[in-house]
Amino acid sequence: MPFLKFTALRLGFVAVFSVICYSFGLGAIFSVIAGAILAWCVTYLFFRNLRNDAASSLQRRFRDGAPPVRSASELRDADAEDSFDPNTAVNSDRRQA
């Protein structure tokens with residue numbers, strides 16, 4: 001969750017700074033580039049704790065031995081597969097009517 005907060009904050013700053021730069025007549029492409037650079041500078045200088053929280057959440061997620069994150073549908077699918085009786089006869093030669 002901290003990663004999403006930090007990303008949303010940075011994208012918000014990109015949008016705000018891009019609009020400000022565009023209003024100064026910088027042009028669309030250069031406004032977005034300048035907005036991205038300014039957003040990076042502001043978040044780097046003033047949002048250190050949020051940036052560190054986002055980095056540590058990513059580190060926990062991708063380290064070796066971390067448990068996989070599964071959605072509810074993946075868990076239901078795994079339960080259905082586990083409940084299947086392996087001794088049930090399967091005839092894949094016939095079409096189902």
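**Entry 1: a loop glycine**

I began with Gly 25, which sits in the loop between α1 (2-23) and α2. I noted how helices are assigned: they are DSSP runs of H or I with at least four residues, strands are runs of E with at least two, and numbering starts from the N terminus. Gly 25 is exposed, as its relative accessible area is 59%. I wrote down the cut-offs: buried is under 20% relative accessible area, exposed is over 50%, and partly exposed is in between, with a 1.4 Å probe and protein chains only. Then I looked at Leu 45, which is 20 residues from Gly 25 in sequence. Their C-alpha atoms are 27 Å apart in space.

**Entry 2: ground rules**

I reminded myself that this is a predicted model, where local features need pLDDT of at least 70 and side-chain atom pairs count only at pLDDT 80 or more, while totals for chains, interfaces and linings use all residues. Residues are numbered from 1 along each chain as its sequence is written, and side-chain values use heavy atoms, with hydrogens and water left out.

**Entry 3: the whole protein**

Along the sequence the pattern reads α-α-α-α. The radius of gyration is 24 Å, well over the 13 Å that the globule rule gives for 97 residues, so the protein is more spread out than a compact globule. That radius is taken over C-alpha atoms, and the rule is 2.2 Å times the number of residues to the power 0.38. Along the principal axes, the C-alpha atoms fill a box of roughly 70 × 35 × 20 Å. I also checked burial: 14% of the 97 residues are buried.

Next I looked at contacts, meaning heavy atoms within 4.5 Å. Among contacts between residues at least 6 apart in sequence, 54% join residues at least 24 apart.

I moved to helix α2 (residues 28-46), where I found Phe 30. Is Phe 30 buried or exposed? Phe 30 is exposed, with a relative accessible area of 56%. Phe 30 is twelve residues from Ser 18 in sequence, and their C-alpha atoms are 8.5 Å apart.

Ser 31 also lies in helix α2. Ser 31 has a relative accessible area of 1%, so I put it down as buried. Which residues does Ser 31 contact, leaving aside neighbours within four places in sequence? I listed Ser 18, Cys 21, Tyr 22 and Leu 26.

**Entry 4: a serine in α3**

I found Ser 57 in helix α3 (residues 48-62). Ser 57 counts as buried because its relative accessibility is 14%. Its side chain reaches the backbone oxygen of Ala 54 at 2.8 Å. Not counting residues up to four places away in sequence, Ser 57 touches Pro 2 and Phe 3.

I ended with Thr 88, in the segment after α4 (72-83). Thr 88 counts as partly exposed, because its relative accessibility is 41%. How far apart are the C-alpha atoms of Thr 88 and Ala 8? They are separated by 50 Å, and the two residues are 80 apart along the chain.

Note on methods. A polar contact is a pair of N or O atoms within 3.5 Å; within protein, one must be able to donate a hydrogen and the other to accept it, and residues adjacent in sequence count only if both atoms are side-chain atoms.
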